[in-house]
Amino acid sequence: MLTASALPSYAETQLNMADVLPDSNFMVKNAMEFADAVKAATNGNVVISVKAGGSLGFKGPDQLTAVRDGLVQMADINISQQVGVNPLFGVEGIPFLVSSMDELKKYHGIIRPVFDDLAAKNNQKILYMVPSPAQYVYLKILAKNIDDFKGIPVRGADKNTVDIVSALGMAGVAMPWGELIPALASGRVDGVATSATSGVDGKFWEFLKYIYPTNHTWGSNMVTVNLDTWNAIPADQQAAIETVAADLEPKFWDVSRQGDVDSIKTMTDNGMELVEISPELRAEMKERAAALQEAFLERVPDAKPLVEQFKASMN
């Protein structure tokens, strides 16, 4: 008979992953699928517990530093919210630079090594990155030219979005999600700039009619792990985790893409109308936003070669 001391010993690694998004969000569902796959691939030796809804007490902009300082082992981080740590984290949000998810994939090929380096400098490793769905502007009116946007109060979730819609002639209003529906109901705002999935969450068809596929900015989440924690994991288990991340990342991109398609269908099924933006109107939008691009590159000069490399790749 084997005694307890003679039994093989397995040191199970327990990791908490902080996430500010609710359980219902596709990013959280992705993280949970990743956790399940990691557990299977490591034969139960690495167990990741996804703590959604901000339950660990960290807000979005806190996530990177929380992992850096070892306050939590892992996090699902909104990259653009980390510009306070390093402004290069805002390089995805340059207005009207990337016009589709296919272009974003190409852009990620250029900026991912930069993000990997920034993560390492903040004592963590990126395991995978997933974009949020495309961005839209939702309005009550049918705008046929740029002048039709003039003065419409449009909600944006952050300063970057508010600056973009304001550059297009609208009256940008910074507003948290929790205030949006009452503001739409009262007429405080007559439009919203956000994703299609958020449009469904807010049942925009109850307030708004027209959907403009502006793709005015992009953003992604990255799942990272503290480097001290990572380095304590056996090499074979590290390799298994990296393989899971590499295998699932393309699938998670497809989840984001499909979420966009499904959400647009839900909104149009409920009476909203997807408006085709004419080449002339899109060109004018880009022209209006050009000053914002230039201002970003002046403020963050390290971004300029990345943007130039991306633009060259599109020619």
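**Entry 1: a word to settle before I look**

I call a residue buried when its relative accessible area is under 20%, and exposed when that area is over 50%. I also note that what I have open is a predicted model.

**Entry 2: Ala-35**

I started with Ala-35 and found it in helix H1, which covers residues 26–41. Is Ala-35 buried or exposed? Its relative accessibility is 6%, so Ala-35 counts as buried.

Next I wanted to know which residues Ala-35 touches, leaving aside its neighbours within four places in sequence. I wrote down Ile-48 and Val-50. I then looked up the spacing to Val-50: the two residues are 15 apart in sequence, and their C-alpha atoms are 7.6 Å apart in space.

**Entry 3: Ala-232**

Ala-232 has a relative accessible area of 64%, and because exposed means over 50%, I list Ala-232 as exposed.

I also checked Ala-232 against Thr-13. They are 219 residues apart along the chain, yet I read 9.2 Å between their C-alpha atoms.

**Entry 4: the whole chain**

Stepping back, I counted 10 helices and 11 strands in the chain. Buried residues make up 49% of the 315 residues.

Does the radius of gyration agree or disagree with that of a compact globule? For 315 residues, such a globule would have a value near 20 Å, and the chain has 21 Å, so the two agree. I also noted the box that the C-alpha atoms fill, roughly 85 × 40 × 30 Å along the principal axes.

For contacts, I looked at pairs of residues at least 6 apart in sequence, and 75% of these contacts join residues at least 24 apart.

**Entry 5: surface and charge**

The accessible surface of the chain comes to about 14,500 Å², and carbon and sulfur atoms account for 51% of this surface. I found 27 positive and 39 negative side chains, with the centres of the two sets 3 Å apart.

The mean pLDDT of the chain is 93, and 97% of the residues reach 70 or more. Where does pLDDT stay under 50? I found this over residues 1–9, for which the model has one contact beyond four places in sequence. Where pLDDT is low, the predicted coordinates should not be read in detail.

Note on methods: Residues are numbered from 1 along each chain as its sequence is written. This is a predicted model: local features need pLDDT of at least 70, side-chain atom pairs count only at pLDDT 80 or more; totals for chains, interfaces and linings use all residues. Side-chain values use heavy atoms; hydrogens and water are left out. Helices (H or I, at least four residues) and strands (E, at least two) are DSSP runs, numbered from the N terminus. The radius of gyration is taken over C-alpha atoms; the globule rule is 2.2 Å times the number of residues to the power 0.38. Buried means under 20% relative accessible area, exposed over 50%, partly exposed in between (1.4 Å probe, protein chains only). Contact means heavy atoms within 4.5 Å. Accessible areas come from the Shrake-Rupley method with a 1.4 Å probe; for residues, only the protein chains shown count as cover. Lys and Arg count as positive and Asp and Glu as negative; His and the chain ends are not counted. The place of a charge is taken as NZ of Lys, CZ of Arg, CG of Asp or CD of Glu. pLDDT is the predictor's confidence in each residue, from 0 to 100.
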